[in-house]
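Visitor: Hi! Could you walk me through this one in plain words?
Guide: Happy to. Here it is.

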Amino acid sequence: MLGPVILAASRSDRIRRLISAAPVTRQVVDRFIPGETVDDIVPVIQDLTAKGLELTMDVVGEDITRPEQATLARDEYLRLIDRLKDLELGEQVEMSVKLSMFGQALDGGHELALANVRPVVEAAAAIGTTVTLDAEDHTTLDSMFAIHEELRKDFPQTGCVIQAYLFRTGADARRLAANGSRVRLVKGAYKEPAEVAHQRKLEIDKAYVRILKVLMVGTGYPMIGSHDPRLISLAQELARRAGRKPDEYEFQMLYGIRSDEHLRLAAEGHRMRVYTAYGTDWYGYFMRRLAEKPANLRFFVRSMISK
Ligand code: FDA
């Protein structure tokens, strides 16, 4: 029951101020978001890639209220890509973006988000890598998929995310599997109403399996975004049955969660990409990580009390 309460708090400005100001918060945040600036994150990128891991980089931030913030977000990604150019890691390090951070929810937001994300996709392509569009709450998805389709006309490698908990996702998966897209499948991290999304874990897991089967037999590139050990084994079996070679799909997990498993899968010869977030506007991202696992919240509260 705690998950939905934490997700509701993730949208509250008052709780944001309270949590962001707590002195102990930074230590706990570091587990999931290992830096605030490009300078902080470059050594993390070097360390993880040297261990054979691939990365997808997220500059944290979402739900902006002014177009200037979207410009700043775009520029932060461009700064990161500029630094990546010197590291010459190519597609070993790609970018993940949230279109709400690029202005999607503002007036004329669809066009604004497209205009802001395009230069990031172009810059990524220029250094031999790509961008994946994260999936946010269900009201944003028609716009996200339309931007994905638009970007793919010039940059077919642009990826997108689909969420197993949404009823619409079966149809989205069939379309994306047929048109050769790179698709990350996740369970879904937002608070969604029962009219649009499964609410029970069992139903979400069953939907995940159904959708994964569609992606594996399709013409696209499936990216399995999950830490769930059963789904990871099943994905390996489905990939084998679909005749996919190890470089024809990949696993993705979040930085700070089941890190031993990242290394184990990479050592077994799987493509293993770690979603690595950095930046100062970490509140929404951090709260979703707490909501996914109540033990994280208990740890956080204990750290605050023991200070
Ligand atoms: P599940 O929640 O069942 O967890 C399985 C096991 O993993 C747990 O038992 C626990 O051991 C471990 N675990 C999971 N979450 C943990 C946490 N926070 N802390 C500690 N341990 C944890 N969502 C979305 O809506 N849009 C998006 O764009 C993305 N993008 C994305 C990228 C990548 C690479 C990943 C891995 C996930 C996302 N997500 C996402 C988040 C996703 O929707 C989901 O909330 C989390 O991945 C948790 O679900 P699992 O599949 O890991 O299963």
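Visitor: Is Lys98 buried or exposed?
Guide: Lys98 counts as buried because 26 C-beta neighbours sit inside 10 Å. Buried requires 20 or more other C-beta atoms within 10 Å of a residue's own, exposed means 12 or fewer, and partly exposed is in between, with C-beta atoms placed from the backbone. Bear in mind that this is a predicted model: local features need pLDDT of at least 70, side-chain atom pairs count only at pLDDT 80 or more, and totals for chains, interfaces and linings use all residues. Residues are numbered from 1 along each chain as its sequence is written.

Visitor: Where does Lys98 sit, and what is it in contact with, leaving aside neighbours within four places in sequence?
Guide: Lys98 is in the loop between strand E2 (93-97) and helix H6 (109-126). Helices (H or I, at least four residues) and strands (E, at least two) are DSSP runs, numbered from the N terminus. Setting aside neighbours within four places in sequence, Lys98 is in contact with Glu62, Asp134 and Glu136. Two residues are in contact if their C-beta atoms, placed from the backbone, lie within 7 Å.

Visitor: What does UniProt place at Lys98?
Guide: The unreviewed UniProt entry gives the feature "binding site" at Lys98, Arg288 and Arg289. UniProt positions are in the numbering used here, feature names are shortened, and annotations may be inferred rather than shown by experiment.

Visitor: Then what about Arg289, buried or exposed?
Guide: Arg289 is buried, since 24 other C-beta atoms lie within 10 Å. Arg289 belongs to helix H12 (residues 283-292). Beyond neighbours within four places in sequence, Arg289 is in contact with Phe32 and Asn296.

Visitor: And why is H12 described as largely enclosed?
Guide: Eight of its ten residues are buried, so H12 is largely enclosed by the rest of the structure. Those buried in H12 are Tyr283, Gly284, Tyr285, Phe286, Met287, Arg289, Leu290 and Ala291.

Visitor: On to the ligand. How many residues surround it, and which are closest?
Guide: The ligand is surrounded by 24 residues, and Asp134, Ser226, His227, Gln252 and Glu292 are the closest. A residue is near a molecule or strand if its C-beta atom, placed from the backbone, lies within 6 Å of it.

Visitor: Which elements give two or more residues to that shell?
Guide: Strand E4 (159-163), strand E5 (182-186), strand E7 (250-254) and H12 each give two or more residues to the shell around the ligand. E7 provides the largest share, three residues.

Visitor: How do the shell residues divide by type?
Guide: Nine are nonpolar, seven polar and eight charged. Here Ala, Val, Leu, Ile, Met, Phe, Trp, Tyr, Cys and Pro count as nonpolar, Asp, Glu, Lys and Arg as charged, and the others, Gly among them, as polar.

Visitor: Where does the ligand lie relative to the domains?
Guide: The ligand lies between domain 1 (1-32 + 282-307) and domain 2 (33-281), because both give residues to the shell around it. The domain bounds come from an automatic or database domain assignment.

Visitor: How many residues are in contact across the two domains?
Guide: 14 residues of domain 1 are in contact with 14 residues of domain 2. On the side of domain 1 that touches domain 2, helix H1 (2-9), helix H3 (25-30) and H12 give two or more residues. H12 gives the most, with six residues. That side of domain 1 has nine nonpolar residues, one polar and four charged. The centres of the two domains, taken over C-alpha atoms, are 23 Å apart.

Visitor: Zooming out, how many helices and strands are in the chain?
Guide: The chain has 13 helices and eight strands. Its radius of gyration is 18 Å, close to the 19 Å from the globule rule for 307 residues, so the chain is as compact as a globular protein of that length. That radius is taken over C-alpha atoms, and the globule rule is 2.2 Å times the number of residues to the power 0.38. Buried residues make up 44% of the 307 residues.

Visitor: Last one: which residues have a positive phi although they are not glycine?
Guide: Asp63 is one of them, with a phi of about 50 degrees, and Arg258 also has a positive phi of about 50 degrees. Asp63 is in the loop between strand E1 (54-59) and helix H5 (67-87), while Arg258 is in the loop between E7 and helix H11 (259-267). Asp63 is partly exposed, with 17 other C-beta atoms within 10 Å, and Arg258 is partly exposed with 16.
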